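Below is a short report on one protein chain. It starts with a sheet and then turns to the core, a helix and the overall dimensions.

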Amino acid sequence: MLIAQISDLHIRDHLGMFGELVDTSKTLEKAIHLLNALDPQPDVVLATGDLTDDGTKEQYSQLLEILLPLNAPLLPLPGNHDVYSEFLNAFSSKLPDEIPENHCSYVIDDFPIRLVALDTSLPGQHDALFSEDHELWLSNVLSQEKDKPTLIFTHFPPFETGINFMDLSGLKSADRLEGIIRNNPQVKLVVAGHLHRPIQTSFASTMISVCPSTGNQLKLDLNPKNGSAVDEPPGFQLHVWKTDRFVTHTGIIWDGKELDMSQYVAYVNEKISKNEGIIKD
Ligand SMILES: [Fe+2]
Ligand SMILES: [Fe+2]
């Protein structure tokens, strides 16, 4: 199974704080073009929050228009830049009927991997909370399918990344989430966004992968007094499930050169089929 992830799309209709760095509509269009050109195609695309900059009706309709050409089915989550009521209006047709009252968490059981969306965002706030409600909901959901490989997707990474100002406005009570995952080794991967950088860590019995933004990135600066946004190339991730593990790739959205290596690929395939070594020229 091939799971694509896009995050922190931040579709906006003004220059705002970061609009001068990146045109997020254009970079998302390029991301969709790249995803549609993949062979094999992703089975599903996870959109892990901050889908718009301010959560207005106008920004969601702009977003829906850009998403229209996407071939694979999209599973959306809100982030701290979204507005829940407008998010629900925009994506009601893509969300399952059963969603808890106070958060947009849900389960998709249509694939070989169980997909669990976990929404920990708080209305009107930039930080988040893994509450007792989330704890009950997630424990219950995970107890229903202990043997099926599971991926949890969420907006806020449940660990300290070292980018201090983002950690301070991060997820509270992440230790409760870690406890649940420790008791559910069928969770093979947790994927998140919010940090606008690719970051990985081990977590309980699994891995967490944080996806870059399809718009602007945050600077890699571990000085706790610093923080800045940069126009490093945008990206997305592909989580490939093969046999019993995920392999995560970070794809870069760029307009660079490409050198065709199909002759060498054919040579390697031929040598391997004949059980021969790959000779250096
Ligand atoms: Fe964001
Ligand atoms: Fe965020």
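## Sheet, core and helix

Six strands make an open sheet with mixed pairing, in the order β4-β5-β7-β9-β11-β10; strands here are DSSP runs (E, at least two residues), helices are DSSP runs too (H or I, at least four residues), and both are numbered from the N terminus. Two strands count as paired if DSSP finds at least two bridges between them. β4 (106-108) and β10 (199-203) are at the edges with a single partner strand each, so one side of each has no neighbour in the sheet. From one strand to the next the twist averages 20 degrees, with axes fitted as lines to C-alpha atoms and angles running from 0 to 180 degrees between N-to-C directions.

The model is predicted: local features need pLDDT of at least 70 and side-chain atom pairs pLDDT 80 or more, while totals for chains, interfaces and linings use all residues. Residues are numbered from 1 along each chain as its sequence is written, with chains lettered from A and ligands numbered from 1 in the order in which they are written.

Within the sheet, β5 and β7 pair in the parallel sense over 5 bridges, and Val116 stands opposite Ile152 in β7.

| Strand | Residues |
|---|---|
| β5 | residues 114-118 |
| β7 | residues 150-154 |
| β9 | residues 187-192 |

The largest nonpolar core has 55 residues, and Ala47, Ala117, Leu151, Phe153 and Val191 have the most contacts inside it. Such a core is a set of buried Ala, Val, Leu, Ile, Met, Phe, Trp, Tyr and Cys residues joined through C-beta atoms within 7 Å. Strand β9 supplies the largest share of this core, 5 residues. Phe153 touches Leu46, Thr48, Leu77, Leu115, Ala117 and Val191, leaving aside residues up to four places away in sequence; contact means C-beta atoms, placed from the backbone, within 7 Å.

Helix α3 (residues 84-91) has Phe87, Ala90 and Phe91 as its buried residues. Seen down the axis of α3, these fall within an arc of 80 degrees, so they line one face of the helix; the arc is that of the directions from the helix axis to the C-beta atoms. They pack against α2 (57-67) and β3 (74-77). Ser85 and Asn89, on the other side of α3, are exposed. A residue is buried with 20 or more other C-beta atoms within 10 Å of its own, exposed with 12 or fewer, and partly exposed in between, C-beta atoms being placed from the backbone.

Overall, the chain has 7 helices and 15 strands, and 38% of its 281 residues count as buried. Its C-alpha atoms fill a box of roughly 60 × 45 × 40 Å along the principal axes.

Notes. Two residues are in contact if their C-beta atoms, placed from the backbone, lie within 7 Å.
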